[in-house]
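Please look over the structure below before reading on. The numbered points follow it.

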Amino acid sequence: MSAVTAMPPKNYEVKPKLDDHGQGMCELLEVSMGPHHPSTHGVFRMDVVLDGEKVVKLKPVFGYLHRNHEKIGENISYLGMMPYTDRLDYFCSMTNNWAYALTVEKLAGLAVPERAEYIRVIMAELTRLQNHTCLIGFFVQDMGALGTPMMYAFREREKILDLFESVSGARMMCNYMRFGGVRVDVNDAWLAQAHKVVNEYGLFLDEFEAFLTANEILLARTQGVGVIPKALAVSASLTGPMLRASGVNYDLRKVDKYGIYSRFDFKVPVGDHGDIYDRYMVRVLEMRESIKILQQAFRDIPAGPVMDPKSKLRGFRPKAGEVYGRVESPKGELGFYLISDGTPNPYRFRIRPPSFINLTVLEDMCLGHNISDAVVILGSVDIVLGEVDR
Amino acid sequence: MFTVETLEQIKARLETAFPAARLELVPNECPAGDRSLLVDAASGFAVATFLRDDAALKLDFCSNVTGIDWPEKELTEKIKVRQVVDGVEKEVEEVKKTVRPGFLEVVYHLYSMELKHGPVVLRLRTQDRTSGTHLPSLTPLWRGAEFQEREVYDLYGVLFDGHPDLRRILMWDGFAGFPMRRDYIAPDDFEYEPTPHDEVLAEAKKHYPAEVKP
């Protein structure tokens with residue numbers, strides 16, 4: 001009797017084993033996960049073909065929340081589209097606003113005052129903090145840690161949303177930025193409160209990490225699961241933490257240096273293995289870098305106006321032309337492609353949604369894994385259906 | 001444009017590499033925007049392969065795929081014509097009307113993640129908007145175009161030859177028409193109201209002419 005038992009094969013064979021007559025010995029089961037499923041983060045469906053518990057085929061099905069934002073954009077004025085961008089990725093309305101404002105500013109040749117640039121950076125980094133925190137909460141919940149981590153995350157998120165509410169009037173649908181600046185200035189009391197929240201955020205992250213980063217269950221469920229090789233990540237146009245976890249150093253804050261990001265001293269965390277754990281870790285480290293950026297912004301923010309005096313809110317008609325603008329939103333590269341024909345409405349209004357394109361490789365990540373892993377893999381992509389389906 | 005080469009240099013190199021390709025620089029009236037490179041559909045795939053694999057460009061990242069609908073448009077142009085009016089030869093301004101045939105356009109924004117430059121904007125145009133809406137799919141080159149090309153097919157009706165899985169993506173299977181086209185008419189989703197008035201009344205009369213009393 002040999003003491004050594006064979007290790008299970010690492011790469012699962014996708015084809016079912018055949019008997020002598022060419023018939024499959026196991027039956028494949030087709031499961032429709034969603035559109036109403038607690039793990040799909042909204043109305044999203046995956047058509048999964050299972051061999052036992054292994055995923056053999058997985059096709060995502062979109063469109064349950066489709067309302068054709070791009071068509072709305074063609075039939076509404078430039079400014080009128082600003083509140084609609086809040087509803088794309090409703091976790092990160094501030095960065096959505098920024099991406100759109102940045103594109104229109106490029107199109108119309110508007111400048112942004114110094115103070116408004118700092119406020120934009122502060123808002124974007126606060127957004128990044130709360131988005132990544134919530135995402136980790138959700139995805140730990142997908143692994144079965146019901147409730148507690150998500151409530152911790154939501155407790156912290158609420159502090160940031162309170163800041164957003166006090167400055168823009170809305171927790172999530174902020175509609176805060178305008179072409180050539182921001183809608184209202186922030187006062188010193190707000191800045192002091194925001195500074196306090198940011199100072200305490202590091203302590204919260206320490207606490208969060210103490211529970212999660214070396215957690216045995218989290219390590220077992222995430223390490224080596226849902227791996228994306230570097231070449232595939234680049235070819236599949238992945239962006240954001242998904243891309244950087246696969247080892248590609250590409251952050252638009254460093255590459256494009258839009259806004260005033262060239263002034264800040266921060267690092268871009270890059271993963272090594274491209275698995276779920278690296279995606280988790282990249283997000284945690286990104287939050288730490290965001291805190292660094294925020295501290296510098298609070299230190300350096302100058303006084304001054306927050307709107308370009310040349311910008312026109314009413315009767316805004318940019319000259320004909322086309323422009324593509326993009327920012328590093330928490331989920332990846334959020335881009336807007338606008339074609340103007342000189343009328344008050346854009347001729348073409350295109351949104352490049354990061355989480356929609358990040359889902360391109362969902363099947364590649366899930367093949368050969370258990371169905372329970374597919375849930376965690378989807379959680380690690382960080383999708384918001386408002387943006388995926390538009 | 002952040003690339004080391006200008007678009008003219010890229011075009012010149014492409015012209016030597018592909019003598020048969022018809023390339024054109026499309027100007028952009030917006031000063032901050034990028035000009036784009038229009039390629040004919042037949043050599044689109046070869047040109048895109050060149051852009052991806054060329055050592056100086058290495059455009060490995062296809063960021064954005066956009067469909068655009070350009071319906072048939074009447075262009076008016078004022079030209080001066082010499083005419084004999086009342087026996088005297090005069091220079092008269094005349095409006096000349098030409099019809100630009102409609103087409104669908106797909107725009108690719110290409111960047112390089114390795115060399116961190118871009119974008120090079122690549123445009124492909126279909127023959128027309130009805131029967132000749134075929135274009136080569138660039139999904140075999142950039143996987144990231146897969147869902148985006150499906151979306152362009154879904155909303156505009158561009159048929160991508162060589163796409164591995166060309167199905168509708170945002171609209172449901174069996175949906176007729178292409179909703180992002182400029183001439184698309186949305187279905188009349190009239191809901192019944194017991195006491196219709198104003199526009200609702202007009203709609204109601206259209207739907208239930210026999211039942212609705214003014």
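1. Residue B:Asp198 has a positive phi, near 50 degrees, although the residue is not a glycine. B:Asp198 is located in helix H4 of chain B, which covers residues 198–207. Bear in mind throughout that this is a predicted model.

2. Is B:Asp198 buried or exposed? B:Asp198 counts as exposed because 7 other C-beta atoms lie within 10 Å, and the cut-off for exposed is 12 or fewer.

3. A positive phi is also found at B:Lys116, about 55 degrees, and this residue is not a glycine either. B:Lys116 belongs to a loop of chain B, with strand S6 (103–112) on one side and strand S7 (117–125) on the other.

4. B:Lys116 is partly exposed, because it has 14 C-beta neighbours inside 10 Å. A residue is called buried at 20 or more and exposed at 12 or fewer, with partly exposed in between.

5. In chain A, helix H3 runs over residues 93–108, which makes 16 residues. The distance from its first C-alpha to its last is 22 Å, close to the expected 22 Å at 1.5 Å a residue. H3(A) is mostly covered, with 16 of its 16 residues buried. After H3(A) comes A:Gly109, which has a positive phi near 70 degrees.

6. Chain B is divided into two parts: domain 1 takes in 7–69 + 104–183, and domain 2 takes in 186–214. How many Å separate the centres of domain 1 and domain 2 of chain B? Taken over C-alpha atoms, the separation of these centres is 44 Å.

Definitions and conventions: Residues are numbered from 1 along each chain as its sequence is written. Chains are lettered from A and ligands numbered from 1 in the order in which they are written. This is a predicted model: local features need pLDDT of at least 70, side-chain atom pairs count only at pLDDT 80 or more; totals for chains, interfaces and linings use all residues. Helices (H or I, at least four residues) and strands (E, at least two) are DSSP runs, numbered from the N terminus. The expected span of a helix is 1.5 Å times one less than its number of residues. Domain bounds come from an automatic or database domain assignment.
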